[in-house]
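Let's take a walk through a protein model together.

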Amino acid sequence: MSSSSRPKVTIDGNEAAAYIAHQTNEVIAIYPITPSSNMGEWADQWSAEGKTNIWGTVPTVVEMQSEGGAAGAIHGALQGGALSTTFTASQGLLLMIPNMYKIAGELTPTVFHIAARAIAAQALSIFGDHSDVMSARSTGFAMLGSASVQEVMDTALIAQAATLESRIPFIHFFDGFRTSHEVAKVEQLQADDIRAMIDMDLVEAHRARAMSPDHPVVRGTAQNPDVYFQGRESVNPYYLATPTIVQNAMDKFAGITGRHYHLFDYFGAPDAERVIIIMGSGAEVVHETVEALVAAGEKVGVIKVRLYRPFSIEHFIAAIPASVKSLAVLDRCKEPGATGEPLYCDVVTALAESGVSKKVIGGRYGLASKEFTPAMVKGVFDELLKSKPKNHFTVGIVDDVTHTSLAYDPNFSSEVEGTVRAMFYGLGADGTVGANKNSVKIIGEETDNFAQGYFVYDSKKSGAITTSHLRFGPKPLHSSYLINQASFVACHQFSFLERLDMLKSAENGATFLLNSPFGPDEVWDKLPRKVQQQILDKKLKFYVIDGYEVAKHTGMGTRINTIMQTCFFAISGVLPREEAIAAIKYAIKKTYGRRGESVVQKNYAAVDEALSHLHEVKVPGKITALFDIRPPVPAAAPEFVQKVTAMIIAGDGDNLPVSAMPVDGTYPMSTTQWEKRNIALEIPEWDQELCIQCGKCVLVCPHSVIRAKVYDDSCLKGAPESFKAVPARWKDMKEKKYTLQVAPEDCTGCTLCVQICPAKSKTEVKHRAINMVAQPPIREREAANWDFFLSIPETDRSVLSPAQVKDVQLMQPLFEFSGACTGCGETPYVKLMTQLFGDRMMIANATGCSSIYGGNLPTTPYCSNGEGRGPAWNNSLFEDNAEFGMGMRLAVDKQNEYGRELVARLASVIGDELAQAILNADQSNEAGIFAQRDRVKILREKLAGINTAEARDLNSIADALVKKSVWIVGGDGWAYDIGYGGLDHVLASGRNVNVLVLDTEVYSNTGGQASKSTPRGAVAKFAAGGKPAGKKDLALMAVNYGTVYVARIAMGGNDMHTVKAFLEAEAFNGPSLIIAYSHCIAHGYDMAYGLDQQKAAVNSGYWPLFRYNPDLAGQGKNSFQLDSRAPNLPLKDYVYNETRYTMLAKSNPEEAQRLLKLAQEDVTTRWKLYEHLSHQEVK
Amino acid sequence: MIDLSRTIDLSTTYLGLKLKNPLVASSSPMCADLGNVRRIEDAGAGAVVLHSLFEEQIELESEELDRFLTESAGLSPEATTHLPEPMHPVMGPEQYLKHISQCKQAVKIPIIASLNGTTPGGWVHYAKLMQQAGADALELNIYYIPVDPKVTAEQVEQQYVDLVRAIKGEVTIPVAVKLGPYFSSIGNMAKKLDAAGADGLVLFNRFYQPDYDLENMEVVPNLILSNSYELLLRLHWIAVIYGSVKADLALTGGVHHATDVIKSMMAGAKVAMMTSALLKRGISFLDTLATEMLVWMGEHEYDSIKQMQGSMSRNAVPQPKAFERANYMKVLGSYAMR
C-alpha cells in the first residue's frame, strides 16, 4: 500500500496508541488515570462494539481495581500465553513496577503504553513529563519514546514487533497531554501494515512458552545467594540484541510506510557544532527551531532519542555529526541529588566510554507540561555558544534561588509561515472544545492542510475557561507548544473580556470574533479599556455575533458551539464557505447522530442561520471605555495572595520565580475567598419575610455561599442600608437578629438552595424564601452586604445544638468557594463536616474530585476560624488514603499518650490540680474540648517558665492533649476499588478514624469510569453497555466487623439523619464509615434536582438509610437501625430521571429492561436483608 | 328466560375492520407489553389500540441526552467527558415499530397504532412507518393544550384538520382521530375532521388533569381512573354526532359494565374502548363483559350488536330534545325537587 492511499485520520495520541494496542493484543487490562484514561476508554469501547484485532477476534478488555491489579492481570495473561497490554501514567506506572520486574525477568513480550506524566512530590500534577517512565527504567523494560501523534501510532507498532522478537517487554511512552491529547492529522496504519510487521512465528513462540498443564514448567521460583546473581545475568544477550532488533523493525516499517525512524535520529545542519539531545514532544519543538535556525545560517542540530533503554552507545555515538563541538542534553524530569538527570548521565557515560570528547551540559525543561518553546530552545543553543555554559541548568522558569535557569528571548519565534493559528476561549461544558476538535478533523480530512488541535482547561470544574489552540497549514507541524501569536482569536463568552487578557496573544492584523449580546454598533463601548486598546494597537479585524440569539431561535437553547464554528470557517476562509458548511454538517451528523435525528436537525438549522447574524464591527478610532479588566484579587488580599496567587489566577503563573514557591508544598488556607469569579448569571436572593430560618439552604449549598448568623442588635451598627436583618426565630435567642446572606461573587448559580427551600409564598407559590435573580444588577450591593456580614461575629457555638439542621446553619463552614462543579453533590457533606468538627480536624484526602476542588491551585477552599483553627488537610495518593489517615491517628494518639505521661511526670511542677484536670478531662462534647483547650493554654503558660527538657518536650506536643478528629475522605473509586484493601485494614484496626466516602458511583474525576460502586444497569465508561453486576454493599461489609460505626446517608433523603450520622461517627471511639450519596454530573441530569434524586433513591429503596452503632449493643439495643421507610417508589421512577440509565433504555431497550428487572430484585432483596437485621433480637 | 338456541352476533366493524365484538382495549401504557396484548386477545377483545408514540417524547429524550452529554464534557483536563457516547443510536420510533410487528405476529385481532402529536412536522412520517410495521389502522391522538391565550379556537381547529390531512397523506390504512371534548362546536369539528379524511372519531380523550399537593404546595401529575359517570358525556355527543359524519364513532372513557358497552352502541358507537376497567378488574374482565353482554342481549332479545348501533342516537329517539337544552333544564329541575 502506498503512503498516499492510507486514510488520513485526525486523532489524538491516546487514540493512536490504543488503536495499535487493540489491533495487536488479545487481553487488555485497564484502570483510569489521567492522562492515559482515554486509551483504556477507546479499547473498551471498541471491544464493546465488537471491533476485532488483526486476527479477527475481539480483544478482551477488563477493568481492574488498580494499576497494580492491571499489571498483575497482564502478567498472568502473558503467562497464560495471550498477547496482552495495558495503558497507564504517573502513579499508575509506579504501582505496576513490581510486576514489571517480574515480566521483564521472565523475558515476556508486551508493550505498556504510557502517557508520561509527572509524579506527585511537593504537589500532585496531572501534567506531562518523564518522571514516571524514568522511575521505571530499572525494571528491565525497554523504553521507546514518541514525539508526535503520528509517531505514537508508528512507534506503538514498532514496539509491538520488537518485543515479540526480542522477548524484552517495552514501555512505549509519549508526553502526557501534549501528545496524548493533541489532535493531529495522521496517516492511519491498516491491518495489512500491522500484519506485515507482526511475525506470526514469534506470536506462536510466545504462546509455546506459556504455562500449560499439557507441557508444564515451573516459573517464578525463589533463588538463594548461590544462583540468583547468575540468573539475573543470564538475560544479557537479549538486551544486547534488542537495539538491533528495534532498528530492524524500524527499517522494516520504513519499507512499508516510507517513514524511517532510527534509534537516535539526527536532524539539522550536516556540519552542526551545537546539538541538543532530547526525547518526547520537546524533540518536535527543537526540530522546528533547528529548521528555522539552520535556515538563518546557524550550525545547529538535534538528536531525537527514540530507544532510550537498552541505551545503545554505539548507535548513539554514530548519530552525532563529527563537527559537533558541544551538546546540551535535555531531561523532562528531576532526580534530586543525582549527578544529573538520567538522559544526561547516559550521554556522559556513552561519550566517556567511547572516548569521544565533547562539551556536554545537561538541563531540565518542561516539568508537568511547563511550556517548552522555540524561544527556550534558542536559549539553550545560545548557552552552548558560551565558553563556560551553565551545566545542570533549567530552562523555562526563573530560578532565583539556586540560579539554574537560562535566560532567553521570549520573543523569538519559529512559527512556520503560512500557518493559520487560531485560539478559542470557551466555557467548560459549552461544547467549544468538541466543535474545535471537529474543525481540526474537517480541515485535516477535507483539505491537504496539516492540522493540529490542543486544548487547555483551567483547574475549576465550575465556570472553567477552556482555550483551544488550533494550527492549520500546508507544511508539517512540529509546533508542540501553545500558540502565543494567534492570527485568529475567538471569545465565546462575553463575560471573559473583563476576566482575561485574551488579546495579548493576538498578532498584529489578527481577526477577533466575539460572541456578544451587543450588536456591531453598540459593542465598542461595552469593551474594557485594554481590549479596545489592543484592537486599535494591533489593528485587529473585529467581528461580532449574538450566538445566544441564534441558538435560541433555532431551538439550540444555550448551545453556541456549532454557530461559532460556522463563523470561524466563514471568516478564516480555510475552506470555501459552501464546502465548509457541508463539512460542518457532516461532522455534526457524525458526532451527534447517535443522540437522535432532532439534535442533528437543530444543529443544522443553527449552522444555516449563523452567518446572517455575523457582523464586522467598524472600529472607532479611539478608546471610549470607562472600565478595564478586573484585577485578579482585591487589594485587601494578604501578601502571598497578592504576590503569588493573583499571578496564577491571572494566568501569569509561568512568570513566578522559584523563590515565590513554598519549598515543601505548604500553602496558606482560606484563599478561595479572594478569587471573586462572578460566574453565576443568577444568584439567590433572600426574602426575609417569608423565611422560616430552617437552614436547609445553608446546609445544601455546595459552595458555602449562603451563610446565616444570629447576633446582637448592636452588631448592625454601620450596616449598609440594604443589609437585611430580622428577629431570630430561636426560642432562646428571640431578642437577637438573624441574617441569611449570599456571597454574590462566589455563587455558581446551581439553584439547589431554591429547590430545597420549604417556605413558599401564600400568594404565589413559586416565590420562596430564596429566589434566583440576575446577578449583575445586585453584585455591588450584595458584595458590600457580604463584607458587612463577615464582620459580624460568628454565633456562639456553645448555645447551639449540633444535631439540629437549624442550628448547624449558624456554624461557620471551614470549607468555602471550592472549584467543584456547579451543584456538586459531594461538597455539602464536606462543608457540613467542617462546620461540625473543622476546628479540630485532620483530613487525609484520597486523590480524586475532592482532592482537586480541595487542593488544586490557585486557591484553597479549606479555611480557618477566627481563632486561626481549621481543618489541616493533605492528600497523599489515591490508593493509600485510609492508611495515610490512620497514620495521622497513630501520631495523634502516640503524642497524646506521651503528653499525658509528661503531664503526670510534671504534675508537681505544673500543679497537681491542673494535671489531674487535663488527664481526666471529658472531651466527649465541644464544651469539654473547649475547656481542655483552656487548660492546655494555662499549661503552656506554666511550661514557659520552666526550663527543663521535659517541659520543652511537653510544650511541643501539648496540643495533642486536646481531642483531634481524624477524617479520611475520598470517593468510591478509592473506597470500593483501589483503596479497599487499606480501608478494610484500617476499619479492622479499631483505631478512632472517621471515613467519609463521597459516593458518586463512578470515578468522577477521571471522567466517569465504572467502579464497583456503579449500580447495575447504569451506563459508565468501561461499562458502556450498562453495568452488568450490582453495586458492592460496602456498608454491609463494614457492618460485618461488628466493631465499626457505619452509616449510609443521603442529605436529600433526610438531612437530620445526615447530621446525626456525622455526630455519631465522630463520637464513636473506633473506626467509623459514612457512605454519602453524592449526585454528580456523571449521572447526566440537571444538578438542580440532585436532592430530589437523592430523595427518590431513598424512597425507591435503592439507597436505604441506616446507622450501625456498635455502642448500642452495650445498651441492650440493636446496633442496626434502619432509618428509611420501606420502598414506596418503583426503581424505574428513580433511575429513569438520569441519563446514565436512560441512555441504555433508549439505545438498547431490551438490555435495559433486563438489567432494570435485576436491579429491582437487588433492591427488594437487600431491603429484606436490612429489615431482618434491623429486627434482630438483641441477646 | 334466555333462548339458548338463538345466536347472538356481537361482531361489529370499525374503520373498515371486522371485529368479533365491540370491546376494544384503548390506548394505554398497558398495551406496551406484548404479554398484555396477548392477554387482551385471549380475554376476547375485538381489537387493541397500542400505547401512544409521542412526538415530543422522542425529541425531548434526544435533546436531553445531547444536553447532558455536552454539559458534562469539557469541564476539566482530566475528564474530557463524563459519560460515554451511546453504543447504539438512540431509538426514534424503532422500538414502537418493533412492538407493532411483534403484536401483529402474536395476535390475530386488529392492531391499531396510536400516534400522539400536536403540530405537523417531520414526525408525521412515523405514520407511514407504523403502516409499514403492520398496523391495521392508526389512531391519531391530538393531545393539544392551548395554554397560549393568543391562539384562537379557529387556529386550534385548523391545526387539527391540517394534522389529519398530513397523516392521511402518509398512509393508506384507516386513520381515527381521538378528540377531547373541549370544542365550542363539537359537531362542527367532527364534520371538519370527517371532511379532512378521518375514518373514525374517538370520543373522548381523558386529559390527565394536574392536581395540587397541599403539603408541598406543588402541582403534581395525577392519574384517576375513569368511572361510569364519565360515560354520559360520551354517550351524549356520540348520539348527537351519529349520522352526521361518514367516519365511524368510537366511545372511550367510562366504560365499566356490559350495559355501558350496550349504551355506547345504542348511542351510535362502533366500538367501546376501555382501560380503567381493565386496570381495576384485570384484563380477563373483557371476557366477563362479553358474557354479560350476551346475557343482556339475550334477555332483551337482541340478535346483534349492529342492530342496536345508533338505535338511541339523537335522531333515533322520540324526543331528540332530550339531548338539547330542554333536558338540561329538566335535570336541574329534578335536582331542585329532591
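Predicted model: local features only at pLDDT ≥ 70, side-chain atom pairs only at ≥ 80, totals over all residues.

Residues are numbered from 1 along each chain as its sequence is written, while chains are lettered from A and ligands numbered from 1 in the order in which they are written.

Start with chain A, which is split into domain 1 (8-209 + 224-256), domain 2 (262-395), domain 3 (429-616), domain 4 (669-811), domain 5 (893-961) and domain 6 (1001-1174). Those bounds come from an automatic or database domain assignment.

Now find the open sheet of nine strands in chain A, ordered β1-β8-β17-β18-β16-β19-β20-β21-β22, with mixed pairing. Its edge strands, each pairing on one side only, are β1 (8-12) and β22 (614-616) of chain A. From one strand to the next, the twist averages 20°. A word on terms: strands (E, at least two residues) and helices (H or I, at least four) are DSSP runs, numbered from the N terminus, and two strands pair if DSSP finds at least two bridges between them. For a close-up, look at β19 (residues 486-491) and β20 (residues 506-515) of chain A, which pair in the parallel sense over five bridges. There, A:Phe488 sits opposite A:Thr511 of β20(A).

Where do domain 1 and domain 3 of chain A meet? Eight residues of domain 1 of chain A are in contact with 12 residues of domain 3 of chain A; contact here requires C-beta atoms, placed from the backbone, to lie within 7 Å. On the domain 1 side, β1 and β8 of chain A each supply at least two residues, and the largest share, three residues, comes from β8(A). That side of domain 1 has two nonpolar, two polar and four charged residues. In this sorting, Ala, Val, Leu, Ile, Met, Phe, Trp, Tyr, Cys and Pro count as nonpolar, Asp, Glu, Lys and Arg as charged, and the others, Gly among them, as polar.

Further along chain A, look for an open sheet of three strands, in the order β24-β26-β25, with antiparallel pairing. The edges are β24 (706-711) and β25 (726-727) of chain A.

Finally, bring in chain B: the contact takes 34 residues from chain B and 47 residues from chain A. On the chain B side, helix α2 (residues 55-71) gives the largest share, 11 residues.

Notes. Axes fitted to C-alpha atoms, helices over the stretch in contact; angles between N-to-C directions. Contact = placed C-beta atoms within 7 Å.
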